[in-house]
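Have a look at the model, then follow the questions one at a time.

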Amino acid sequence: MIIAPSILSADFGRLRDEIQAVEDAGADWIHVDVMDGHFVPNLTLGPPVIACIRKVTTLPLDVHLMIEKPQSSISQYADAGADWITIHQEADAHLHRAVDHIKKLGIKAGVSINPASPVSLLENILQDLDLVLVMSVNPGFGGQSFLPFCLDKVKQLRNQIDQNSMQTLIEIDGGINSNTLPLAMRSGAEVFVAGSAVFRGTNYKKNIEDLRNSAAQNS
């Protein structure tokens, strides 16, 4: 299992320290939520901040673009240091072209689907992806409650990936904590984005250990 703390829940006034703290606490990736205030009703950060993050961690940067027309800025996020770039199925009418663009830059390519979007929308591109991100909340804000029906989509993806011997990872994001992570893991997810479950309090190491222990005890 891969734990990817979402810096959306970090203290941005101490972002360098927060990133180093979760790296020391045992995080596997750093998840970076990019929002443009149009595709989702919030505004976060862009390539300059990601470039700064790149300088303070050796962990893979998992960049989730919740933006309109992502293809126009993919190169900027690659240049900033992203290791993984995930775009939304709902945000680009030319998905194959955008995914090909990401991969030609030497970056791992992912596609995300919102809670209301069916898995069938990925049928013709799944074999080209390194990662599928299932949103288990409606994107745009941290701290939302987990939507259980999204587990069915994880199961559908797991079946398709396994039946076709694909290497595509399944990531889940939204409301992930020690109660919901085991459910997502049993459904077939492998990468778990956790915001408030990691950044709450001051003991990030214990928070990450609690997530891992919950998976081990309930798998």
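Q: What makes His-96 count as partly exposed in this predicted model?
A: The relative accessible area of His-96 is 43%. His-96 sits in helix α4 (residues 95-104), and beyond its neighbours within four places in sequence, His-96 is in contact with Asn-124, Ile-125 and Asp-128.

Q: Why is Gln-89 called buried?
A: Buried means under 20% relative accessible area. Gln-89 has 18%, so the word buried applies. You can find Gln-89 in the loop between β4 (84-88) and α4.

Q: What makes the pair Arg-158 and Asp-162 a salt bridge?
A: The cut-off is a side-chain nitrogen of Lys or Arg within 4 Å of a carboxyl oxygen of Asp or Glu. For Arg-158 and Asp-162 the N to O distance is 3.2 Å, so the pair qualifies. The two are 4 residues apart in helix α5 (residues 150-163), which means about one helical turn separates them.

Q: How do you know whether Arg-158 and Glu-190 are buried or partly exposed?
A: Arg-158 has a relative accessible area of 16%, so Arg-158 is buried. Glu-190 has 25%, so Glu-190 is partly exposed.

How values were computed
Residues are numbered from 1 along each chain as its sequence is written. This is a predicted model: local features need pLDDT of at least 70, side-chain atom pairs count only at pLDDT 80 or more; totals for chains, interfaces and linings use all residues. Side-chain values use heavy atoms; hydrogens and water are left out. Buried means under 20% relative accessible area, exposed over 50%, partly exposed in between (1.4 Å probe, protein chains only). Contact means heavy atoms within 4.5 Å.
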